[in-house]
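Visitor: Please take me through this model as you would read it yourself, giving the general idea behind each feature before the case at hand.

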Amino acid sequence: MEWKNKADVAIIGGGIVGTATAYYLAKLGVKNVVVVEKGTVCSGSTGRCGAGIRAQWGTEMNCRLGVAALDIFEQLDDELGLPTGLNQGGYLLVAYKENEFENLKKGMALQNSLGIKSKTVTLDEAREICPALAADDAVGFTYHARDGHADPFLTTFAYLEAAKRLGVTYHRHTECTGIKVADGKAYGITTDKGDIDADVVINCAGGYAQFIAKMAGVDIPNWGERHEIMITEPTEPGVCPPMLMSFSGNYYIQQRPHGSIICGMSPAGHPQDYENKTSWQFATEMSKVLVKLLPCTKGIRVVRQWSGLYDMTPDGSPIIGETDVKNFYHSTGYSGHGFMLGPIAGKILAQTLVGSKPDIDYSMLDYRRFARGELIMEPNIT
Amino acid sequence: MSDKQEQVIVCRCEEITLGEIREWIDRGYDNVNELKRVLRVGMGPCQGRGCQDILLREISRRTGKPLDQVEPGTVRPAVKPIKAGLLASGGE
């Protein structure tokens, strides 16, 4: 696309958060938005993620964001004019310990108070939801039918294509190399392809957001943590209709509409090598979990494994809002849930930037909460 | 270009046609990694072994880039599909 030296808003990062933010800004009438992406669209965390979407959260803020994101996803194909691959098979959360089940029920009470219709289910009911399930060692389950998954590639492309139709400029293979700051205000970015002056700069760089922030002299306590994941060949539908997930069991497993089963688990330690490498140990450990939980998968072939970065924060909650450098905004730190929260995050930040009241008051997600010690600890993460 | 040729299946695993690949290259998704993400071409059990050469050639043709300058897609393990049960046994 044609290079513009001047923009109303420059967005760093072409994942779900960057493209959704660009789309909602354009939709709200901001004419000149530029997105720069160092690789290709959704080549970072978005395109590597487990694709889940849920409202079963343990903090009020994440519950509000999660259910608002579901509201968006449910009408997104029509809004963007391209399919997003939404599949609402629910999330079936599995607890293996009494205190874990108590925590899930505590989360459920919070969710129910916010209009999220999650519920506990028995083992028999869990087997109706997921017929292949072998979880005799489970203590209890919670389930929310509106949860599920969408296709991260298709969703991000859909946002980008819709944004481009509204006039957004997109530059792939364009790496941000600096933030222009003067008198405590950001006024543009430098890239390896040229400079762009902009009234507002938004950091949507996922696992690399802390490096981008540093370019403006802003410190955020984020880190990119490598998580591994794998996928099987397509098999008959109905093997795992919901997203099966357990925090103590350390797994999430779901079946894509075309039949492949995707599964992942959190790594031991917190690998921060930024290399997106893979290990045979993961494939072995993950397969053990998969085959134990869904015994009928033992004859299904694993075709591919890869890894991606969780853009972690110390409390597992996102960072959204302006920084000490005026006109420089963050939308990052989604801690492994950027794909599902990206649509609502893009919408509320865009609303703020055009001077409207955001659908959700997200002021508590300000990054200065860490300095103040006001952490928003999210218990429901793997 | 005849309709018949457009309907040729290039990626047999994911059933992607030549026509679909050309359509998306023309929309600007003109490299293997982007086409893979938008169409799932090369993401099935054969991992692109059957279709990547054709894909590279089409990208070269439509963008005018010499074939040896079109980057192949990222290669990911496993080299061959392996049954989950066999992986779970640790190969024992």
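What follows is a conversation about chains, sheet, helices, domains and backbone.

Guide: This is a predicted model, in which local features need pLDDT of at least 70 and side-chain atom pairs count only at pLDDT 80 or more, while totals for chains, interfaces and linings use all residues. Residues are numbered from 1 along each chain as its sequence is written, and chains are lettered from A and ligands numbered from 1 in the order in which they are written.

Visitor: How many helices and strands are there in chain B?

Guide: Helices (H or I, at least four residues) and strands (E, at least two) are DSSP runs, numbered from the N terminus. Chain B has 5 helices and 3 strands, and along its sequence they follow the pattern α-β-β-α-α-α-β-α. Its C-alpha atoms fill a box of roughly 50 × 30 × 20 Å, taken along the principal axes.

Visitor: How many residues of chain B are in contact with chain A, and which elements of chain B give two or more residues to that side?

Guide: Two residues are in contact if their C-beta atoms, placed from the backbone, lie within 7 Å. By that criterion 18 residues of chain B are in contact with 25 residues of chain A. The elements of chain B that give two or more residues to this side are helix 3 (32-39), strand 3 (82-83) and helix 5 (84-88). For classes, Ala, Val, Leu, Ile, Met, Phe, Trp, Tyr, Cys and Pro count as nonpolar, Asp, Glu, Lys and Arg as charged, and the others, Gly among them, as polar; the side of chain B that touches chain A divides into 9 nonpolar, 5 polar and 4 charged residues.

Visitor: Which strand of chain A is joined by bridges to strand 3 of chain B?

Guide: Two strands pair if DSSP finds at least two bridges between them. Here 2 bridges join strand 16 (residues 301-312) of chain A to strand 3 of chain B, and the two run antiparallel. Within strand 3 of chain B, Lys83(B) stands opposite Arg301(A), and Ile82(B) stands opposite Val302(A). The open sheet is formed by 9 strands with mixed pairing, in the order 5(A)-6(A)-4(A)-13(A)-14(A)-15(A)-12(A)-16(A)-3(B). Its edge strands, each pairing on one side only, are strand 5 (119-121) of chain A and strand 3 of chain B.

Visitor: At what angle do the axes of helix 1 and helix 6 of chain A cross?

Guide: Axes are lines fitted to C-alpha atoms, for helices over the stretch in contact, and angles run from 0 to 180 degrees between N-to-C directions. The axes of helix 1 (residues 16-27) and helix 6 (residues 152-165) of chain A come within 8 Å and cross at roughly 30°. That makes helix 1 of chain A roughly parallel to helix 6 of chain A, a term for angles under 35 degrees, where over 145 is roughly antiparallel, 65 to 115 roughly perpendicular and the rest oblique. The contact of helix 1 with helix 6 of chain A has 10 nonpolar, 3 polar and no charged residues.

Visitor: How far apart do the centres of domain 1 and domain 2 of chain A lie?

Guide: Domain bounds come from an automatic or database domain assignment, which here divides chain A into domain 1 (6-48 + 153-222 + 315-372) and domain 2 (88-145 + 224-312). Their C-alpha centres lie 30 Å apart, and 13 residues of domain 1 of chain A are in contact with 9 residues of domain 2 of chain A.

Visitor: Which peptide bond is cis, with omega near 0°?

Guide: The bond from Pro77(B) to Ala78(B) is cis, and Ala78(B) lies in the loop between helix 4 (52-63) and strand 3 of chain B.
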